[in-house]
Amino acid sequence: TGTPDSPGIMVLILEDLFRAISEKRGEKEFAIKMSYVEIYNEVIYDLLIPNNKEQYLDLREDPVNGTCIAGVSEIVVKEPKEVMSLLTVGNKRRTTEATMANAESSRSHAICQIMLIVKDRVKNTEEEQLRGKLSLIDLAGSERGTVTENRGIRLREGAKINTSLLALANCINALGDKTKKGFFVPFRDSKLTRMLK
């Protein structure tokens with residue numbers, strides 16, 4: 001996310017999105033919603049609500065919208081500053097701990113999802129809506145137990161992080177290999193890959 005003085009890639013992408021929307025606002029109506037979650041030890045938590053560790057969220061398959069997070073907060077945003085503010089609040093709620101490798105280490109993957117709904121300003125008898133979803137991910141780094149010297153809960157967290165990163169790499173490899181057209185892509189091997197499917 002960066003800082004207000006030096007915004008990161010998430011904020012820069014969203015500024016471009018809002019700029020493109022403002023250029024088309026005369027012809028179309030736009031609604032932008034945002035959610036921000038973390039996947040910690042293969043459990044999904046909402047970063048936009050206080051005391052988020054008290055309730056975990058479940059992934060569900062919806063025939064219209066695809067894979068959705070049941071019960072996640074979706075906040076309507078109108079400008080990039082609102083997004084930056086929400087990301088800052090969410091990052092304070094994210095799970096971090098000190099390890100031998102870093103003074104403050106992410107113990108989870110964070111996913112910011114932007115949902116864009118576009119419809120015509122002129123109302124017809126049939127209203128067509130276009131929907132898009134942009135997922136911006138801050139991955140926790142892979143961990144070597146020998147470098148971090150983690151034990152107990154930190155070691156288990158590191159194992160979960162590495163498992164989900166391996167699942168992501170396997171999906172990317174299966175999707176990117178042109179010789180394996182129609183090959184099985186193991187999206188269900190982790191919550192991260194299932195969300196990004």
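Is Arg 25 buried, partly exposed or exposed? I looked this up first, in what is a predicted model. Arg 25 turned out to be partly exposed, with a relative accessible area of 34%.

**Entry: around Arg 25**

I placed Arg 25 in the loop between α1 (9-24) and β1 (28-40). I then listed its contacts, leaving aside neighbours within four places in sequence, and found Phe 30 and Arg 121. I also checked Val 118, which is 93 residues from Arg 25 in sequence. The C-alpha atoms of Arg 25 and Val 118 are 10.0 Å apart in space.

**Entry: the whole chain**

I counted 5 helices and 9 strands in the protein. Read from the N terminus, the order of elements is α-β-β-β-β-β-α-β-β-β-β-α-α-α. The protein has 197 residues, and 36% of them count as buried. I looked up the contacts with a separation of 6 or more, and 62% of these are between residues 24 or more positions apart. For the accessible surface I noted about 12,100 Å², with 52% of it belonging to carbon and sulfur atoms.

**Entry: salt bridges**

Side chains of opposite charge can pair when their charged atoms come close. I found 7 salt bridges in the structure. I went through several of them.

I began with Glu 74 and Lys 33, whose side chains meet in a salt bridge at 3.6 Å, N to O. This pair links distant parts of the chain, 41 residues apart: Glu 74 lies in the loop between β4 (66-70) and β5 (75-76), and Lys 33 lies in strand β1. Glu 74 is partly exposed at 40% relative accessibility, and Lys 33 is partly exposed at 25%.

Next I took Arg 94 and Asp 138, where the closest N and O atoms of the salt bridge are 2.7 Å apart. This pair also links distant parts of the chain, with Arg 94 in the loop between α2 (80-93) and β6 (96-97) and Asp 138 in strand β9 (residues 129-138), 44 residues apart. Which of these residues is buried? I found that Arg 94 counts as buried because its relative accessibility is 8%, and buried means under 20%. Asp 138 is partly exposed, with a relative accessible area of 34%.

I then noted the salt bridge between the side chains of Arg 60 and Asp 58, at 3.7 Å, N to O. Arg 60 is partly exposed at 49% relative accessibility, and Asp 58 is partly exposed at 37%.

Last, I looked up Glu 61, which is linked with Arg 188 and Arg 194 in a network of salt bridges.

How values were computed:
Residues are numbered from 1 along each chain as its sequence is written. This is a predicted model: local features need pLDDT of at least 70, side-chain atom pairs count only at pLDDT 80 or more; totals for chains, interfaces and linings use all residues. Side-chain values use heavy atoms; hydrogens and water are left out. Helices (H or I, at least four residues) and strands (E, at least two) are DSSP runs, numbered from the N terminus. Buried means under 20% relative accessible area, exposed over 50%, partly exposed in between (1.4 Å probe, protein chains only). Contact means heavy atoms within 4.5 Å. Accessible areas come from the Shrake-Rupley method with a 1.4 Å probe; for residues, only the protein chains shown count as cover. A salt bridge is a side-chain nitrogen of Lys or Arg within 4 Å of a carboxyl oxygen of Asp or Glu.
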